[in-house]
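Have the sequence and the 3D view open beside them.

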Amino acid sequence: MSFLKALIKEVGDDDTYLASDGTASAEFTGCIDTGSYILNALLSGSFYGGVPNNKITAFAGESTTGKTFFVLGIVRAFLDKNPDAAVVYYDTEAAVTKAMMQSRGIDVNRVIIAEPDTIQKFKTHALKLIEAYEKTPENERPKMMFVLDSLGMLSTSKEMEDSLDGKDVRDMTKSQVIKAAFRVLTLKLAKVKVPMLVTNHVYEVVGSYVPTKEISGGSGLKFAASTIAMLSKKKEKDSDGDIIGNQIKIKMYKSRLSKENKDATVLLTYDKGLDQYFGLLDFAEEHKVFVKSGNRYELPDGRKVFGKEINSNPSAYFTEEIMQRLEECAQKEFSYGSASGTLQGDVQE
């Protein structure tokens with residue numbers, strides 16, 4: 001051990017550490033609650049986890065699948081948990097208004113809105129903010145989060161110039177420009193412990209034997225993001241047949257904190273937003289914490305209750321004891337390895 005420390009000292013590089021020190025940029029100190037237990041588990045392997053607080057997390061899907069709403073929900077949770085924190089929100093679609101944020105309980109006095117029109121401007125703006133943030137002594141820095149909503153709407157300098165010149169040609173350099181931007185930003189964000197949420201569009205792959213969806217913008221985001229969640233939706237209706245929101249299926253396209261290719265469904269309603277407990281009843285049945293008996297569910301204490309009653313008052317049935325049992329199941333279901341009670345670190349490229 002002393003020999004290795006001597007080697008590191010000899011190198012004289014502030015960015016070289018022993019793994020046992022736990023001071024590398026990849027280390028994170030916690031997660032940001034998404035507002036949905038099942039989504040937290042899918043992203044991090046724990047109902048009490050969520051989005052890691054110093055990595056890039058992407059939500060990709062077709063239009064109206066709730067990407068922006070997910071991001072705003074996480075922004076609210078982040079600001080609520082950290083009273084002095086701030087958010088830099090890159091709105092490339094001119095879609096997020098002051099009223100929209102306020103209606104979702106977000107403190108707009110702690111949100112900076114920026115509207116870059118090109119990837120180059122976004123990269124330069126973000127780097128300047130990171131450098132300014134880094135100059136502040138670490139013990140005096142407020143927590144911060146970056147949001148890019150959305151990557152797919154950003155143009156490039158070349159594309160803008162071609163448009164001004166009346167050239168209707170495709171910019172073949174866009175993928176490389178995106179990759180270069182994230183290549184620079186990923187490690188810098190991790191070092192100052194600033195998470196970034198990115199939304200992006202998907203498109204149908206033409207000519208594919210099996211219909212598939214691909215993330216727009218090339219491979220840059222795929223390499224940079226620690227987590228990429230793919231979203232698809234179906235309408236949610238009430239008893240009268242009126243559409244009240246969407247059930248959104250989320251599949252882990254890439255994950256370094258939980259198992260890839262796992263999926264879950266969350267409920268996003270127009271009036272209440274993300275349903276915190278949606279999906280837990282099915283999960284409890286699947287893992288035999290609640291046992292289906294005819295049209296009712298038998299609870300561990302022997303009571304038999306209709307599913308509708310559980311869903312109408314979930315906090316009364318998903319008690320601390322029940323949640324602890326479900327948490328143990330969630331870690332086995334979604335986490336890498338056999339560690340219990342902790343979130344797993346990066347385990348793959």
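My entries below cover the ground rules, the sheet, its helices and the cysteines.

**Ground rules**

I am working with a predicted model, where local features need pLDDT of at least 70, side-chain atom pairs count only at pLDDT 80 or more, and totals for chains, interfaces and linings use all residues. Residues are numbered from 1 along each chain as its sequence is written, and side-chain values use heavy atoms, with hydrogens and water left out. My helices (H or I, at least four residues) and strands (E, at least two) are DSSP runs, numbered from the N terminus.

**The sheet**

I looked up the strand order first. I found an open sheet of nine strands with mixed pairing, in the order β5-β4-β6-β7-β3-β10-β11-β12-β13. Its edge strands are β5 (111-114) and β13 (273-274), each pairing on one side only. For pairing I need at least two DSSP bridges between two strands.

Next I went through the neighbours of β3. Five bridges join β3 to β7 in parallel, with Ile 56 opposite Met 196 and Ala 60 partnered by Asn 200. Towards β10, β3 again runs parallel, with five bridges, and Ala 58 has Ile 228 as its bridge partner.

Ile 228 also stands opposite Lys 254 in β11. I counted eleven bridges between β10 and β11, which run antiparallel. Five residues lie between these strands in their hairpin, where Gly 241 takes a positive phi near 90°.

**Strand β7**

**Helix α7**

Leu 185 is among the buried residues of α7, including Val 177, Ile 178 and Phe 182. What covers them includes β3 (56-61), α5 (119-135), β6 (144-149), β7 (196-200) and α8 (220-224), with contact taken as heavy atoms within 4.5 Å. Just after α7, Lys 193 takes a positive phi of about 60°.

**Another helix on the sheet**

I then followed α3 (residues 67-81), which lies across β3, β4 (86-91), β5, β6, β7, β10, β11, β12 and β13, and runs at about 165° to β4. Axes here are lines fitted to C-alpha atoms, for helices over the stretch in contact, and angles run from 0 to 180 degrees between N-to-C directions.

**Cysteines**

How many disulfides does the structure hold? I found zero, a disulfide being a pair of cysteine sulfur atoms within 2.5 Å. The sulfur of Cys 31 is 20 Å from the closest cysteine sulfur, in Cys 329, so they are too far apart for a bond. Cys 31 counts as buried because its relative accessibility is 12%, and Cys 329 is buried at 17% relative accessible area.

Technical notes:
Buried < 20%, exposed > 50% of the residue type's maximum accessible area, 1.4 Å probe, protein only.
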